[in-house]
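Here's a quick briefing to read with the model open beside you. Take it topic by topic, and find each spot as you go.

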Amino acid sequence: MYKKIEFQSLKFVCGCKILPPKGYSAITLFGTVYTRKSADEVLRYLQTNRGKIWAHHEAIHIYQADTFTFMKWFWFYLIYIWQFLKAWPFFMSWKQAYKTIPFEYEAYMKQDDLHYVKSAWRDYIRTNKVRKTIKFI
């Protein structure tokens, strides 16, 4: 059974069985963050610094979608999927293709800055040649 909670204007749906895909802690879909964790686990985690960073990463995706004025989630997901398919499977691994999507790259680069409340995802668009050279910790 899932439960809805809110944290700093973010809406969470906790206890999901299907979302996010295994190996990921959360996924933002149309402005709502879905997680397999229970509401109690999420609320405890959000009180930690790491939890706030986790939530901020998801909030950045909402800021990114807000950069589009018309049908914002449609354009966000269209570009997201296009950028992923452009790199994978021909040029790099699935995980590297995912992490170099401009939306994800920006979110990972800015997630520690809890005062970052805008989006400049267009600045993170790279060619596949450059994307292959990006190293992740």
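In which helix does Y98 lie? Y98 sits in helix α4, residues 94-99. Keep in mind that this is a predicted model, where local features need pLDDT of at least 70 and side-chain atom pairs count only at pLDDT 80 or more, while totals for chains, interfaces and linings use all residues. Residues are numbered from 1 along each chain as its sequence is written, and side-chain values use heavy atoms, with hydrogens and water left out.

**Confidence**
- The protein has an average pLDDT of 90, and 98% of the residues score at least 70; pLDDT is the predictor's confidence in each residue, from 0 to 100.

- Strands β1 (residues 3-7) and β2 (residues 10-14) run antiparallel and are joined by five bridges; two strands pair if DSSP finds at least two bridges between them.
- F7 has L10 in β2 as its bridge partner.
- Two residues lie between the strands of this hairpin, and Q8 takes a positive phi near 45°.
- S9, in the loop between β1 and β2, has a positive phi of about 70° even though it is not a glycine.
- S9 counts as exposed because its relative accessibility is 70% (buried means under 20% relative accessible area, exposed over 50%, partly exposed in between, with a 1.4 Å probe and protein chains only).

- Most residues other than glycine have a negative phi, and most peptide bonds are trans.
- M71, in the loop between α2 and α3, isn't a glycine, yet its phi is positive, near 50°.
- With 42% relative accessibility, M71 counts as partly exposed.
- The peptide bond from L19 to P20 is cis, with omega near -5°, and P20 is in the loop between β2 and β3.

**How the helices cross**
- Helix α2 (residues 49-65) packs against helix α3 (residues 72-87) at an angle of about 110°, with the axes 9 Å apart. Axes are lines fitted to C-alpha atoms, for helices over the stretch in contact, and angles run from 0 to 180 degrees between N-to-C directions.
- So α2 and α3 are roughly perpendicular to each other (angles under 35 degrees count as roughly parallel, over 145 as roughly antiparallel, 65 to 115 as roughly perpendicular and the rest as oblique).
- H61, I62, Q64 and A65 of α2 make the contact with K72, W73 and F76 of α3; contact means heavy atoms within 4.5 Å.
- The axes of α3 and helix α5 (residues 102-110) come within 8 Å and cross at roughly 95°, so α3 is roughly perpendicular to α5.
- That contact involves F76, I79, Y80 and Q83 of α3, plus P102, F103 and E104 of α5.

**Two buried residues**
- T32 belongs to strand β4 (residues 32-34), and T32 is buried, with a relative accessible area of 17%.
- Setting aside neighbours within four places in sequence, T32 is in contact with K11, V13 and I27.
- Is Y98 buried or exposed? Y98 counts as buried, because its relative accessibility is 11%.
- Leaving out neighbours within four places in sequence, Y98 is in contact with Y24, Y80, F84, E104 and Y108.
- Y98 and I81 are 17 residues apart in sequence and 9.5 Å apart in space, C-alpha to C-alpha.

Key: Helices (H or I, at least four residues) and strands (E, at least two) are DSSP runs, numbered from the N terminus.
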